[in-house]
Amino acid sequence: MLSKRFLTGILASKSQKISRIDPLKNTHIGSSPQRKDALAKVTGRAKYTADMDMRGMLHGKIFRSTIAHGRVTSLDCSRAEALEGVVAVVTYDDCRGIVFPTAGHPYAIPPARNDRADRNLLTDRIRLYGDEIAAVVAEDPVTAEKALELIEVEYEEYPFYLDPEDAVKEDAVHIHDGGNILGQNSLSLGEEDPEEVFKEAAHIIEDIYESPQVQHCHMENHICYAYKDDADRIVVVSSTQIPHIARRIMAHAFSMPFSKFRVIKPVIGGGFGNKQDVVLEPLTAFLTMKCSGRPVMIDLSREECMAWTRSRHGMRHYMKTGVDRSGRIIAKTLKSYGTNGAYASHCHSVVAKQGGDFLRHYPASRGSSFQGYTVYTNTATAGAMRGYGIPQINFAVESHMDDVARAIGMDPVEFRKINVIKEGQADPVGKLKLDSYGLSACFEKGLEYIGWEKKRELYKDQTGEFRRGIGFASFGYATGVWPISQEIAGARITMNQDGTVQLQVGATELGQGSTTVFCQMAAETLGISYEMVNLNSTTDTDMDPFDTGAYASRQTFVTGNAVHEAAVQLKAKVLARAAARLEREADSLDIRDARIVEAESGADLIGLDEIALDSYYHLPDSGVMTADVSTQTKTNPQSWGVTVAEVEVDMQTGKVKVLDICNIHDCGRVLNPLLAEGQVQGGMSMSLGFGLSEIMLYDPNTGRPLNNNLLDYKLPTSMDTPELGVKFTPVHENSAAYGSKSLGEPPAISPASAVRNAVLHASGVGINSLPINPQKLFEAFKKADVLNKETINV
Amino acid sequence: MTQRIEFTLNGKKLTVDINIKESLLEVLRDRLHMTSVKQGCGVGECGACAVLIDGVSMNSCIYPGPRAHGKEIRTTEGLADGEDLSVMQRSFIEAGAVQCGFCTPGLLMTATELKESGKSYSREEIRREISGHLCRCTGYHKIVDAVEKGLKE
Amino acid sequence: MYDISSYLNAGSTDEALELLQNRPEARIIAGGTDILIRLREGKHRGAALVDISGIEDLSRVWLDADNTLHIGPLQSFRALERNELIKDLLPGLAAAASVVGGPQVRAAATIGGNICNGATSADSASTLFCANAELVLTSPGGERIVEIADFYKGPGKVDLKAGELLTDIIVQEKDYRGFTGHYMKFSQREAMDIATLGCAVMVRTSEEILEEVRIAYGVAGPTPRRCPEAEMALKGTPLNRENLDLFAELVKKELLTRDSWRGSKEYRDHLAGVLARRGLAKLTGQGDCDHDTEN
C-alpha cells in the first residue's frame, strides 16, 4: 500500500486540475447511463419467473366457472384425482375461511380502514364467468389441463350484471353480502352548494362520459411458484410489483407469522398496476402446503391473464358545470359509477381518487361536489392500472372542458387557462402545500409545439372526406399516496472493500428502470461513479429492506428519499474514517470521483478504496461501513402536464389517424432523460389504445368474456402508433431529495383526451365514450348527419 | 412419442430427442434452455417467441418441433460474439429500446433479420417489419429508433 | 404441447396422399398458423398431422404454355407479396398477401391453407374470387377442378373431401390480362388483425369506359362473395361519379352482412359501399381515394 505522504504528494500536483464541483450541478442525476439490466436483457440472460427451474416442479391449473353469477350445487373431482400424474385437487371446501383482500395497499391502522376482504382462495359462490372453483396440481401442465376436463360441476344460476347501474337496482341479486355498492364517496369543495350556484350561472352544461374496462396487457402474464425451504418456510417466487405487501397479505390470510413467508421477485415483464395485487401468490402458497412443500407453479395463459386478473375500472360520469359570463366555472358537480367487477381489489380508492382530481384540477370558484359509487358487477375485477382512475376522469373532464368552451363560444385552451389550478393555490383536496408548479410552462410549450392558433383557424370549416383537427388536454397527478396511506421506504448501502457499494432497496424494478435511477442517486450523493453502485433487479423480502413497492409513481420520490438518506449516512461514516486517517476535520472533506478531497479546494487527498479497505482490515480499528434506513415521506407533490395532438379523421369509415402528438411534462427534475422519455412514450401509447381501440367485451347473454386474447383485444401495434413527441419543463421539486416528481403514470393520462378533442375539432362531433373506434365514430357521424357524401371528384 | 431431430442452433449442430407434441418454443426453452425465447400468448399474436429459422423471423410458439429438423435456428443467446454485442444489441441499449425486456429478444431477432438483409428501411417500413411484435412499455418509438440506428451502422 | 397422435412428413404429393389415405384422424399442416392455434383451443384432439410444407412442387408460381397462371398452394404470403409475377399479373393478390397478420405470420402462413380453412375473412380469398380462380384437388383417384366460388360451402366449410389435397390454384389468362386489381383490408389495427371487411376489386378499362368490373368481399357473409349484379350494371358504362355511387349502392344490396360483436351489419354495409367506391376510383386513377382506408 502506498504511504499517505506519497499519495498526498502525487495527488496534490493533480489537484490543480480538479475544480470544485458545484453541488447544484449534478454528475449523475440528469444523465442517461446504461441501464443496469440492459446487458442481461439484450443477451437473453435476464431470468423471469418462467425461466427459473426447480427440480420436481409441479404445475397448478385453475378450474373456472362457465357461468357469470350463481353458485355451485355439486362438484365431483374424483375422476381428476384418479388421473395418473395428478398430485392434488383442491376445492373451495379445502380452504373455507381463508378470506383476504388482494389490493397492494399499505396496511392501515386502524384495521377498519383496510380494503374489503371479500376474496376466498377458491369459491363455490360464483361472481364472474371464470371464477375460481378448484385447482389441480399435476406433474406436468398437460396432465393438469386434462384433469380440469374431468371435473364435473353443476350450478344454480342467478341474473348477472355487466353494468354498474344495473347492479345497483333495488331488485338486483347481491353479488356479495351487504349489497352491490362496494363503496360510496362524497367530497365537496367551495363555500357554497353548487346546486344553488347553478341558478346564477350564465350557462349550464351537462353531459355523460364513459370509459370501458380495459386491460394492462403486460407482455409477461402472471406467473408464480412456491415451495417450502429448509427452514419449513414458504418461499413464493412471483412476478409482482409488491413483494413485501404480498408477504403481509399471505401472513394475514393464512393466520401465520410474517416470518413464515419469503417473497422473491425476479425480473418482471411489465405490470402497469396489474401486479399491484396478490393474484396467484396465496393460492400457489396454499398448493405447496398441500403438496408437502414441493414446488408448484401457476403460469396463466394470455386468455386467463386478460380475463381473470385485474382491469381498469370502467367509469360512467354524470357531469354538470355552471359558468359565468366571463367563462369562469362557478359551480360543478359529478356523479361517478365505477365498474368494480366481481371482487373488491382496490375497492373504492380509485373512484375516490378520481373524484378528488375532478374537484382539484379546474376548481369551481364557488362550489363543487362529487359523489362516487363503486359497484360490484359480474365482470373482471378492477384494480390498479397506470393512472389509477385519473385517465378516466381526465377523459370526462377534458372532453367536457372542450364541450363547455364550444357551447359558450370560447377557445378551449383560453377556457382552460381561466379555470385551471394556479401556482400557489394550495391543493384543495389533500390540503397539501404545492411546491413546484410547471403547468403554465407546459401549456405554453404545448401550444407552441402544435401551432395552436394557426391550426385552429386553418382546420375550421373543412368539408372534405378526410378532415384534420387539433386537440388539447392537461392533467395533474400525485406522487405517492400520502396522506391517504403510509409512505415508507427502506434503503441499505454497504461499502465493499474497494469502495464500490451494494445498494439494497425494497422498491420494485418492473422494467421502468428504477434500479438504474437508484444507482444514479447513490452515486450522486456518495461522489462515486455509477458503475461503482451495484443493485440487482431482484427483490427478496428476506434480504431487502421494507418498502411497499412499485405503484403510485412513488419510487423515485419516496424510495429516492431513502436512498439519499442512506447515502448521506454512509458518506458521513466514510468521511469520519477518512478524517481520522488524514487527521483532519470530517466536515472539511468530501468525496468526488471516488476520491477523498478537501471540500473547499477540491484537493485530492486519498482514494476511497483505501478508506474502504481500512474499514474491513485495519487491525486496531475496523468496522464495515453500512447505512440502513427506513424513511417516511410526508409530502406529495403534484406532477403536471399537457398533451397536444393532431388527427386526421376519415369521415366515411370513422377511422382516426394520429398525425402528431406530444406530451409536455413537469415531473420535477428529469433524473434520466432516456428512461424518462421511454416512460412517457409508453404511457402515451397506452393512452392512445385506451382512446382509440381498447375495450374488454362480454357476451350480453352469458357474461362470457369475448375478446380476452391479443387478436380480438386491440392493443396498438407499431403500425398503429405514431411518432411520440416528449418534452419536459425544467422544474425542481424541493421536497424530493433529487428534485423529481411522479412520471410513471402521468404520461398515460391525457393523450386519449387530447385525441378526442382533436376529433371534435376535425369533425364537429364529440364522442363521449371510449374507445373512439371506427364503428362508434361512424354511428356518431350518422346520427349527426355528417357522414361525408362529397366523395370522389371524378 | 419421441422423435430424433437434427438442426443447427446458434451455429452449433445438435441432435435432440423431442416429443412430437412439442412446439419449437418448448423444444428451445424446455430442452435446450434457450430462455430468451419468451411465451407471451401461444398463438402467434405477440412475437415474444420469434426466432430466426433459416434467416427468417418466425413465431416459435406456432411452429411444430419436428419441423425444426434440418433447419438453421438462431435465438438471442447466439447474437453476441463472446463479450461483443451485435450491432442491434448495442443499438437497443443505446436507443433506450429496452424496458421490461420481455419483448426484446423477439424484436432483436427481427431486427437482426433486417440488418442482415443489407437493405435500408424508412421508419415507416421499420414499423411494418416489427409489427408482429407487441410491446406495452415503449410505445415502439425507441424500438424504431434502435432498429434505425442499427441499420445505419 | 399439441394434443396430436403422430407427426408425419410428406416429401411429395404422392406421399402426402398416401399418408392421408385411410387415416380419418389425419389433418394437413402447411404453415401451421391456423391448425396449431385450433389444437391449442382443444380442437382436433389426437390428430395425425401430415406435414406437407416440404413438398417443393406445391410452392411454385409459374405460367404455362397457355399463359395460365399457376400458384402453388404452399406459397407463403411472404413469398407471394414479393413475387414479381404475382405483382405484375395479380397485383390485388400481392396486396392481400402483404396485409395478412404480421411478418412472422406471413412467413409461415400459406395461400392454400388460407383457402382450405374456409374462413370468410381469408385475405387472399376475395382476390381469387375476382380472378375466378380454380382449385385443383388431387386424390389417389385423380384430380378434380373446382371453381373457388363453389369450393366455399359455409363458415369453415370447404369442398375438400377426406384424402384430398389442394395441389394447384389456377387463374386463366382471360381473368388477369388487361385487369388492374387491388385489395383493401379494413380492420381496426394496421397489423396483426382480422378484417372487419375485406374488399378485392379488379377492373379493365378502355378509354373512359369500364369494360369489366369485378368485386368480392370477405366478412360480408358466411363465405367470401362476388357482386355479379353490381358488376353487370357497370359493364360498359363510362367512368364517372354517378356510376361509382351506383356501384356502391348496388354492392350493398347483394351482400349478406351480419351483426357480430366485431362489427354491425349497418356499419359493414356502409363500409362495403365506401370500399367499392374507393377501390374502383383508385384503380381508375381517380383522386386520393386510397387514403388510409386500408392497411
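I call a residue buried if 20 or more other C-beta atoms, placed from the backbone, lie within 10 Å of its own, exposed if 12 or fewer do, and partly exposed in between. On that count, 60% of the 794 residues in chain A are buried. This is a predicted model, in which local features need pLDDT of at least 70 and side-chain atom pairs count only at pLDDT 80 or more, while totals for chains, interfaces and linings use all residues. Residues are numbered from 1 along each chain as its sequence is written, and chains are lettered from A and ligands numbered from 1 in the order in which they are written.

Chain A has 20 helices and 29 strands; these are DSSP runs numbered from the N terminus, H or I of at least four residues for helices and E of at least two for strands. Its radius of gyration is 28 Å, close to the 28 Å from the globule rule for 794 residues, so chain A is as compact as a globular protein of that length. The radius is taken over C-alpha atoms, and the rule is 2.2 Å times the number of residues to the power 0.38.

Now the domains, with bounds from an automatic or database assignment. Among them are domain 2 of chain A (58-158 + 221-308) and domain 3 of chain A (160-213 + 311-420). Their C-alpha centres lie 34 Å apart. Contact means C-beta atoms, placed from the backbone, within 7 Å. By that test, 20 residues of domain 2 of chain A meet 19 residues of domain 3 of chain A.

Terms used. Two residues are in contact if their C-beta atoms, placed from the backbone, lie within 7 Å.
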